[in-house]
Amino acid sequence: MRLVLLGAPGSGKGTQATSLKTALGVPHVSTGDLLRAAVKAGTPLGLKAKAVMEAGQLVSDDIVLGMLEERLAQPDANTGFILDGYPRNVAQCAALESLLARIGQPIDIAVKLEVPNELIVERIAGRAAAEGRKDDTPEVVRDRLRVYAEQTEPVAGYFVSKGKLATVDGVGELSVVFDRILAALPKA
Ligand code: AMP
C-alpha cells in the first residue's frame, strides 16, 4: 500500500501513521521527521533547514525532495509506504508524481484527516507541553496554519483530480479515527 496522509499540523497524521505502519506493514515516511533528524545530526542540509522550520515556513522543495528520494530508495520502502508531510504544496505534487513514476510506485490513495481549527490549536498546545518542539509555540503555530491554508490545502485538489482522495473525519478517539482510515483504503 502506498498511502499519502494529508491534514493540518496537529490533525493526527503522525499518530495515525504509527498505527497504520503496523497494520499495513509498510514504513512511515515523515518529511518532518527526516528534516528534524538532519537538524539534530547537524548535516549541511539540516543547518539550512533549521531556521526555516523554526519559523514555521516550508523548507525548499529541492532539499525535501532529495531527502525523500533517498528515503524511498531504502529497501523497506519497496513494498509501499505511508507518506506524512509530503506533498506540502502543488509543486511537490508534480515532483512526487514523477519520482514515483520513475521508481514504479504510484500512490494508491491520499487520505485527508479533517479536524476543525479550534481543536487543532488545542491539540498542538498539548503536544508543545509534551514534546517541546520549537515550532509548536503559539506564534509559530499560527504561521504554520497559515502556510497550510495557503500552500498545502490545494494539494487535496490535486488528489481529487487524480480520483485518489478520501476524506476522513479526524475528530474522535484514536482508534475510532484509525478504523475510519482503514475503511477508506482501497481493498487489496
Ligand atoms: P511536520 O513534522 O510535517 O509538521 O513538519 C515540520 C516542519 O518541517 C514544517 O513546518 C516545515 O518547515 C518542514 N517540512 C516538513 N515537510 C516538508 C515539506 N514536504 N516541504 C517543505 N517543508 C517541510
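A polar side-chain atom of Gln-92 is 2.9 Å from a nitrogen atom of the ligand, a polar contact being a pair of N or O atoms within 3.5 Å. The protein buries 96% of the 480 Å² that the ligand exposes when taken alone (Shrake-Rupley areas, 1.4 Å probe).

The model is predicted, with local features needing pLDDT of at least 70 and side-chain atom pairs pLDDT 80 or more, while totals for chains, interfaces and linings use all residues. Residues are numbered from 1 along each chain as its sequence is written, and side-chain values use heavy atoms, leaving out hydrogens and water.

## The shell

There are 16 residues around the ligand, each with a heavy atom within 4 Å of it. Those that come nearest are Thr-31, Gln-57, Gly-85, Arg-88 and Gln-92. By class, the shell has 6 nonpolar, 5 polar and 5 charged residues, with Gly counted as polar. Helix 2 (residues 31–41) gives the most to this shell, 4 residues; helices are DSSP runs (H or I) of at least four residues, and strands (E) of at least two.

## Placement between domains

The ligand lies between domain 1 (2–27 + 80–184) and domain 2 (31–73), because both give residues to its shell. The domain bounds come from an automatic or database assignment.

Key:
A polar contact is a pair of N or O atoms within 3.5 Å; within protein, one must be able to donate a hydrogen and the other to accept it, and residues adjacent in sequence count only if both atoms are side-chain atoms.
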